[in-house]
Amino acid sequence: MEPDLMTGTMFEHADEAAFVMDPEHDRILAANDAGCRLLGYSRTELIGMSIERIHPAELAELSELLRRVLRHGRASTITLTCRTKLGTFLPTEISLHALEVEGRTRILGLVQDRSEHRDPRGR
């Protein structure tokens, strides 16, 4: 993890689940408390985890979303799910923003649970 990356800031205590990712090395670099709660992992478990591990069934969609954010500086989707520590797939709304941190591209991901928007009949 990069030294003091977003630690102790509004990021850490925001109500919305937030993650900082390294797209080049496919790694999560930081997660706030809300992000840990959303996915059911401790911060220690999430730091260094592969981004693909959270989206194992949607690698093509994930790759396209990352290409869009790197090309345009931001992108969002409501089609991806996040796999929680318990193995369940959580429907989400994801907004990604490209940032330059110390000369390196990082992605800030803001994630909202969309479970209440799912059709009760499973559609």
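A search of the whole structure, a predicted model, returned 1 cavity of 30 Å³ or more. The largest cavity holds about 170 Å³ of space. Its lining comprises 16 residues, of which M21, I51, H55, I94 and V111 are the closest to the cavity centre. At least two lining residues each are supplied by strand 1 (17-22), helix 4 (51-54), helix 5 (59-72), strand 5 and strand 6 (104-113). Helix 5 provides the largest share of this lining, with 3 residues. By residue class, the lining of the largest cavity consists of 14 nonpolar and 2 polar residues, with no charged residues.

The largest nonpolar core contains 26 residues, and the members touching the most other members are F19, I28, L39, L46, I54 and L96. Two or more residues of this core come from each of strand 1, strand 2 (27-31), helix 2 (33-39), helix 4, helix 5, strand 5 and strand 6. Another core, of 6 residues, lies apart from the largest one and includes V20, L29, A30 and L108.

For I54, contacts beyond four places in sequence were computed with I28, L39, Y41, L46, M49, T81, C82 and R83. Among these partners, I28, L39 and L46 are also listed with I54 as core members that touch the most other members.

T84 is located in the loop between strand 4 (81-83) and strand 5 (89-101). The relative accessibility of T84 is 9%, so this residue counts as buried, the cut-off being under 20%. When residues up to four places away in sequence are excluded, T84 touches L38, L39, Y41 and L90. L39 and Y41 are contacted by T84 and also by I54.

Methods: Residues numbered from 1 in each chain as written. Predicted model: local features only at pLDDT ≥ 70, side-chain atom pairs only at ≥ 80, totals over all residues. Heavy atoms only, no water. Helix = DSSP H or I, 4+ residues; strand = E, 2+ residues; numbered from the N terminus. Buried < 20%, exposed > 50% of the residue type's maximum accessible area, 1.4 Å probe, protein only. Contact = heavy atoms within 4.5 Å. 1 Å grid on protein atoms, 1.4 Å probe; cavity = no way out; pocket = protein on both sides within 12 Å on 5 of 7 lines; lining within 4 Å. Points joined across faces, edges and corners; volume = space filled by probe spheres on them. Nonpolar A, V, L, I, M, F, W, Y, C, P; charged D, E, K, R; others polar. Core = buried A, V, L, I, M, F, W, Y, C linked by side-chain atoms within 4.5 Å.
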